[in-house]
Amino acid sequence: MSAPPWLRRLWPRKPDLSRRDHAKQGHFGLFVRYYLIVVLIYAVIVVGGISAWLSITSENSRAYGEAQLRGTHYLIEQRYLETPREEWPALSEDLSQRFAYPVRLALLDELRQTLTAREYERVLRGEVVMESEDEAYTYQRLPGSDQAVALGDFDDVMVQGVPWSDLDLIDSIVILAMYFLAIALPLYFLVYRFWRDLRRLRTTAEALSAGELDARAPEVTTRLVNPLGHALNHMAGQVQQVLESQRILAQAVAHEIRTPLARMRFGLEMLEQASGDEERAHLREGLEIDIQRLEHLASHSVAYARIGRMVGIERAPVPVNALFADLADLFEPEPPLLLSFDSGGVERLSANHEALELALRNLIGNALRHARTRVAVSVRRSDDGHALCVDDDGEGVPEAERERVFQPFAQLRKHPEGFGLGLALVRVVAEKHGGRASVGDSALGGACFRIDLPAD
């Protein structure tokens, strides 16, 4: 179904701009954007968390490192004590070549400048001390000397003959690469699925905006987007239904209005040529009847359009006895017609009072036109709510026509006061309440029009 011109003016289509924007917002660009955001957040959390943890556990970490190197310092100290003092420089050079990190002797005065006061006091007492600034050096004083054995920098370990794949730097690079890949792969597929499903929904929305109201969104795979697709399809169905009903209404109104207008035009011409007061009065009466008929058509058309546009309808408790009392005051059929009401013990209905009264007025008016002697209005509880029935003892509705009578402007028998909108309004009111309207055989011998309303 294509949209009418007025809808195209309200929703102009801009395919070129839309496609250019769509091309710029490809899934890979979105992936890169979200990937950088996720990596940045992860980096802040990881670096901040590790830094905070290290600051909390730094004292224990240094104590653990000092305990590990205590034996190494003891063995190196014995080598120095067994070697003449003048040979200590050569021993330091030899030990540096054998260890993976430098081994040297440092003057105590030098350590006074690099260590904290507490650490320096510990060195003077002969303890193994790991400096606290970057934990890259350890010191231990040689007994009876003004020098201390210094090991490190541990961050600049000298490795010889080790394959490049076993280096710490390579290990760090591989770990970081796996870390970034672990974020990238699931995020890419997640972003791609979201982008693909949203692109499908966007294509459907663009088609709807261009007037292709039969367009529907395909089933999407992302669970978070799936409800949006169902909502879009439901909205499209509602819009299509409303526009289709408006189109039918507009065509039918245009058709129904022609006959009264033609009679009025002819009546005006005859009124100009009338020769007597009696003839003029008769022509004026005909014009007034046609005007009333047009007003009747307009009021029914407006009511049908107003209720048909509603996506939902507000409901409230409706007192059944008060509703039936108002309807009884409105309709006063002349004998032998008898109009009766039976609430069936139901005190309240959950419905829109104005819409329900409008539907019942149309059903009762229709029944009074076709009944012979009796019309009965009743309400009773059903399995999932309540059922309102309007029975008559007329000719009934043939089974083949029971669906068509609810179509707009459909009349089985032409009536001078009817347009075929009354029963169509009844069906719209029932559907807006979440119920349905139907017609069947009545126990009185005629037709039974029924409105089923759900409990909530």
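I41 is partly exposed, with 45% relative accessible area. Buried here means under 20%, exposed over 50%, and partly exposed in between (1.4 Å probe, protein chains only). I41 sits in helix α3, residues 27-82; helices (H or I, at least four residues) and strands (E, at least two) are DSSP runs, numbered from the N terminus.

This is a predicted model: local features need pLDDT of at least 70, side-chain atom pairs count only at pLDDT 80 or more, and totals for chains, interfaces and linings use all residues. Residues are numbered from 1 along each chain as its sequence is written, and side-chain values use heavy atoms, without hydrogens and water.

Next come the charged pairs. The structure holds 15 salt bridges, each a side-chain nitrogen of Lys or Arg within 4 Å of a carboxyl oxygen of Asp or Glu.

| Pair | N to O distance |
|---|---|
| R98 and D94 | 3.2 Å |
| R104 and E110 | 3.7 Å |
| R361 and E357 | 3.8 Å |

R98 and D94 are four residues apart in helix α4 (residues 88-98), so about one helical turn separates them. R98 is exposed at 65%, while D94 is partly exposed at 27%. R104 is partly exposed at 30%, and so is E110 at 38%.

R361 and E357 both lie in helix α11 (residues 353-370), four residues apart.

D392 lies in strand β9, residues 385-392. D392 is buried and has no salt bridge.

How values were computed: Lys and Arg count as positive and Asp and Glu as negative; His and the chain ends are not counted.
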